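Let's walk through this model together, one question at a time. Have the coordinates open as you read.

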Amino acid sequence: MSEDSTEARSHETDDSRPGDSGRPPLLEFRDVDQIFHTGKEDVHAVKSASLSVGAGEVLCLVGQSGSGKSTLAKIGAGLRRPTSGEVLFEGRDIYARENRKNWKSFRRGVQYIHQDPYASLNPIQTVFSILSAPLLRHRLVRGRNEAETRIAELLRQVGLTPPGTYMDKFPHQMSGGQRQRVAVARALTLNPKLILADESTSMLDVSIRMELLKMLTQLRTELGVGFLFITHDLAMAKFFGEEGRIAVMREGEIVEFGPTLEVIADPQHEYTQALLEAVPEADPDFARRKRANRLGLKEEFA
């Protein structure tokens, strides 16, 4: 794909992005760079990334390991300050000095679901302790009784029923799928406007993965929560972000950007094409035809 065709699709999508209706996007990256200074050389992990996610929208950020997806997500969650560029939440730069008073609103409005549900949950805390901490910290409940009522609602929302059987469990007493549902419930405690899901299904079995994706889709529909969904799997991106958009990231750069179905049906960049060809196929004949038609990048995806 030529640079002109990439820009054409990107510009077409940007013209209709959330915010053009008069309301700014929930989260916006403007020319974000992230450089890691190591002992030997500087690593340019994110290069001039510009993206936006609107209210109730799904933006899938796709790329192989090391492409800069998680780094950009952590920048968007306020977990890492970019080397340069701006990160705006509801139109305000979260790092601007004059907007620091809005930091608490940003921290409540944007929540993060990590890849590994076991590593992201405190192993010495029960489900009740994990979920009650943000509720009490932000004074959304008063006392244990209100906390139990709210936590029961959250556990039912994520499919952990009856709630009473899970409140006193520790992470090691649950399956991987159950732990990730607790992580999702924790992300929902503060009624967020946007959730950043960083490879949140990749460590789960396929059947459990699909159940979790369906649950996230249902929550998005019912609660109107926006998602920045990070994955290396274009099949997952298509399933979860069918009505949203895809940004394909390679070596820190956004190389293709557009509506999900359009990008998957007609990928313009050779890297996107290679990602699609790497998706496993049940039909061996079709898989062989895909391999025969690969365009470049053979060693990278071997």
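Q: Is the crossing of α7 and α8 left-handed or right-handed?

A: This is a predicted model, with residues numbered from 1 along each chain as its sequence is written, and local features need pLDDT of at least 70, side-chain atom pairs count only at pLDDT 80 or more, while totals for chains, interfaces and linings use all residues. Side-chain values use heavy atoms, with hydrogens and water left out. A crossing is left-handed if the near helix is turned anticlockwise from the far one by less than a right angle, and right-handed if clockwise. For α7 and α8, the crossing is right-handed.

Q: At what angle do α7 and α8 pack, and are they roughly parallel or roughly antiparallel?

A: Helices (H or I, at least four residues) and strands (E, at least two) are DSSP runs, numbered from the N terminus. Axes are lines fitted to C-alpha atoms, for helices over the stretch in contact, and angles run from 0 to 180 degrees between N-to-C directions; under 35 degrees counts as roughly parallel, over 145 as roughly antiparallel, 65 to 115 as roughly perpendicular and the rest as oblique. The axes of α7 and helix α8 (residues 206-223) are 11 Å apart, at an angle of about 15°. The two helices are therefore roughly parallel.

Q: How do the residues of the contact of α7 with α8 divide into nonpolar, polar and charged?

A: Contact means heavy atoms within 4.5 Å. From α7 come Gly177, Gln180, Arg181, Val184 and Leu188, and they meet Ile208, Glu211, Leu212, Met215, Leu216, Leu219 and Leu223 of α8. Ala, Val, Leu, Ile, Met, Phe, Trp, Tyr, Cys and Pro count as nonpolar, Asp, Glu, Lys and Arg as charged, and the others, Gly among them, as polar. The division is eight nonpolar, two polar and two charged.

Q: Is glutamine 180 buried or exposed?

A: Glutamine 180 lies in helix α7. Leaving aside neighbours within four places in sequence, its contacts are Ile113, His114, Gln115, Pro117, Ser200, Leu204 and Leu212. Buried means under 20% relative accessible area, exposed over 50% and partly exposed in between (1.4 Å probe, protein chains only). At a relative accessible area of 0%, glutamine 180 is buried.

Q: Which residues of α5 and α7 make the contact between them?

A: The axes of α5 and α7 come within 9 Å and cross at roughly 20°. These helices are therefore roughly parallel to each other, and their crossing is right-handed. The contact is made by Val127, Ile130 and Leu131 of α5 and Val182, Ala185 and Arg186 of α7.

Q: Against which helices do the buried residues of α5 pack?

A: Helix α5 covers residues 127-137, and its buried residues are Val127, Phe128, Ile130, Leu131, Ser132, Pro134 and Leu135. They pack against α6 (143-157) and α7.

Q: Why is α2 largely enclosed by the rest of the structure?

A: The buried residues of α2 are Lys69, Thr71, Leu72, Ala73, Ile75 and Gly76. Helix α2 (residues 69-76) is largely enclosed because the buried residues number six of the eight.

Q: Where does asparagine 191 lie, and is it buried or exposed?

A: Most residues other than glycine have a negative phi. Asparagine 191 has a positive phi, near 50°, and lies in the loop between α7 and β7 (194-198). At 53% relative accessibility, asparagine 191 counts as exposed.

Q: What is the omega of the peptide bond from threonine 161 to proline 162?

A: Most peptide bonds are trans. Proline 162 lies in the loop between α6 and α7. The bond from threonine 161 to proline 162 is cis, with omega near -10°.
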